[in-house]
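Subject: A structure for you to look at

Dear colleague,

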Amino acid sequence: EVKKNGRNGYQFFSDDLNGQLLEQLELEADLRKALERNEFTVFYQPQIRADNNEIIGVEALVRWQHPVKGLLPPGLFISAAEESGQIVELGNFVLREACRQMRQWHDEGGPLIPVAVNLSSQQFLQYSLLEDIREILRETGLAPKYLELEITEGMMMDATRSSGILNDLAKSGIRISLDDFGTGYSSLGYLKLYPIHKVKIDRSFISGITDSSNDRAIVATILTMAQHMHMQVIAEGIETKEQLEIVVDSGCQDIQGYYYSRPLAADDLKQKYMFPLEASK
Ligand code: C2E
Ligand code: MG
Ligand code: MG
Ligand code: MG
């Protein structure tokens with residue numbers, strides 16, 4: 001029996017184990033084909049400085065342009081790609097494409113802003129990570145300071161290993177940003193051990209911020225801590241003016257969220273944010 005309400009349309013026979021295995025294999029095969037056929041594409045969400053509405057960066061977010069199902073968000077395929085190991089190839093594609101695109105926008109006279117790329121834990125632990133990234137930067141000609149890698153707290157469980165990796169990356173001039181900050185289980189102690197340039201306040205604290213004094217306290221605390229530790233802060237998932245005002249009043253000017261823009265295809269991002277004056281001529 002085929003379940004119609006499947007999470008991602010791959011939820012066939014999901015009640016039994018064989019079915020799940022089949023489902024996973026099917027998705028794996030589909031991902032392999034998609035990689036071969038170049039069906040993955042990168043969207044970009046602008047990061048905005050609230051006091052002057054200027055673009056200060058973009059986050060690269062992968063999409064699967066599926067020939068039948070249309071544009072699929074990463075929530076539907078990233079974990080499958082991680083389980084199958086295909087995330088390394090997919091992740092390198094996103095890195096290369098994001099760096100190539102940002103270098104092109106710089107060359108065309110766009111603002112000299114960085115591009116942020118999400119790393120999966122498998123990618124992070126690849127022995128070839130540093131080499132892969134350096135090669136991509138060489139190939140695309142993007143200066144390392146314009147690449148920001150987004151990692152999550154969960155990736156830093158093995159402290160010795162992760163501090164080695166992060167220090168190598170930072171020494172290369174690449175910036176490190178801690179995504180979904182506040183949602184992991186690790187202690188705050190690691191923050192002082194690693195070269196982390198920026199924390200991204202998770203959307204879950206922002207969504208309740210208008211009603212919950214606890215969420216406001218968490219946001220304020222993250223801001224104070226980051227300031228003392230000389231880290232930048234950006235708030236993720238700002239959707240309303242009210243949320244924006246609270247966050248700005250708390251001292252956070254750097255904003256990413258639907259309030260300003262959803263993630264956009266490269267051409268749309270370019271027209272609206274990289275060369276807005278030319279587009280309005
Ligand atoms: P993330 O890195 O935390 O990225 C932010 C997610 O929040 C994006 O979802 C973005 O569209 C969404 N978002 C931004 N502003 C708002 C808002 O105001 N309201 C709401 N409700 N959502 C907002 P997206 O693109 O579906 O990506 C989901 C997650 O998939 C990302 O979370 C990231 O963990 C992962 N991901 C995306 N691209 C890649 C990639 O290239 N590699 C890896 N490893 N993971 C990726
Ligand atoms: Mg991210
Ligand atoms: Mg996030
Ligand atoms: Mg995330």
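An axis, as the word is used here, is a line fitted to C-alpha atoms, for helices over the stretch in contact, and the angle between two axes runs from 0 to 180 degrees between their N-to-C directions. Please bear in mind throughout that this is a predicted model.

Helix packing

Two packed helices are described by the angle between their axes and the distance between the axes. For helix H5, which covers residues 129-140, and helix H6, which covers residues 159-171, the axes come within 10 Å and cross at roughly 20°. Because angles under 35 degrees count as roughly parallel, H5 is roughly parallel to H6. The crossing of these two helices, H5 and H6, is right-handed. On the H5 side the residues that take part are Leu129, Leu130 and Ile133, and they meet Ile165, Asp168 and Leu169 in H6. Sorted by class, the contact of H5 with H6 holds 5 nonpolar residues and 1 charged residue, with no polar ones.

Helix H5 also packs against helix H3, and here the axes of H3 and H5 come within 9 Å and cross at roughly 30°. With that angle, H3 too is described as roughly parallel to H5, and H3 passes H5 in a right-handed crossing. The residues of H3 that meet H5 are Asn92, Leu95, Arg96, Cys99, Arg100 and Arg103, and their partners in H5 are Asp132, Ile133, Ile136, Leu137, Glu139 and Thr140. By class, the contact of H3 with H5 has 5 nonpolar, 2 polar and 5 charged residues.

Is Arg96 buried, partly exposed or exposed? Its relative accessibility is 35%, so Arg96 counts as partly exposed. Once its neighbours within four places in sequence are left aside, Arg96 is in contact with Ile136, Glu139 and Thr140. The C-alpha atom of Arg96 is separated by 35 Å from that of Lys241, a residue 145 places away along the chain.

In soluble globular proteins, nonpolar side chains tend to be buried together. In this model the largest nonpolar core has 81 residues, of which Tyr44, Leu147 and Leu169 touch the most other members. Helix H3, residues 87-107, contributes the largest share of this core, with 9 residues. Leu169 is also one of the H6 residues that meet H5.

Another residue of helix H6 is Lys171, which counts as exposed because its relative accessibility is 70%. Although Lys171 and Pro144 are 27 residues apart along the chain, their C-alpha atoms are separated by 9.9 Å.

Two backbone angles

Most residues other than glycine have a negative phi, and most peptide bonds are trans. Which value does phi take at Asn38? It is near 55°, a positive value in a residue other than glycine. Asn38 lies in the loop between helix H1 (17-36) and strand E1 (40-49), and with a relative accessibility of 62% Asn38 counts as exposed. Asp180 likewise has a positive phi, near 50°, and is a residue other than glycine. Asp180, however, is found in strand E6, residues 175-181, and at 27% relative accessibility Asp180 counts as partly exposed.

With kind regards

How values were computed. Residues are numbered from 1 along each chain as its sequence is written. Chains are lettered from A and ligands numbered from 1 in the order in which they are written. This is a predicted model: local features need pLDDT of at least 70, side-chain atom pairs count only at pLDDT 80 or more; totals for chains, interfaces and linings use all residues. Side-chain values use heavy atoms; hydrogens and water are left out. Helices (H or I, at least four residues) and strands (E, at least two) are DSSP runs, numbered from the N terminus. Angles under 35 degrees count as roughly parallel, over 145 as roughly antiparallel, 65 to 115 as roughly perpendicular and the rest as oblique. A crossing is left-handed if the near helix is turned anticlockwise from the far one by less than a right angle, and right-handed if clockwise. Contact means heavy atoms within 4.5 Å. Ala, Val, Leu, Ile, Met, Phe, Trp, Tyr, Cys and Pro count as nonpolar, Asp, Glu, Lys and Arg as charged, and the others, Gly among them, as polar. A nonpolar core is a set of buried Ala, Val, Leu, Ile, Met, Phe, Trp, Tyr and Cys residues joined through side-chain atoms within 4.5 Å. Buried means under 20% relative accessible area, exposed over 50%, partly exposed in between (1.4 Å probe, protein chains only).
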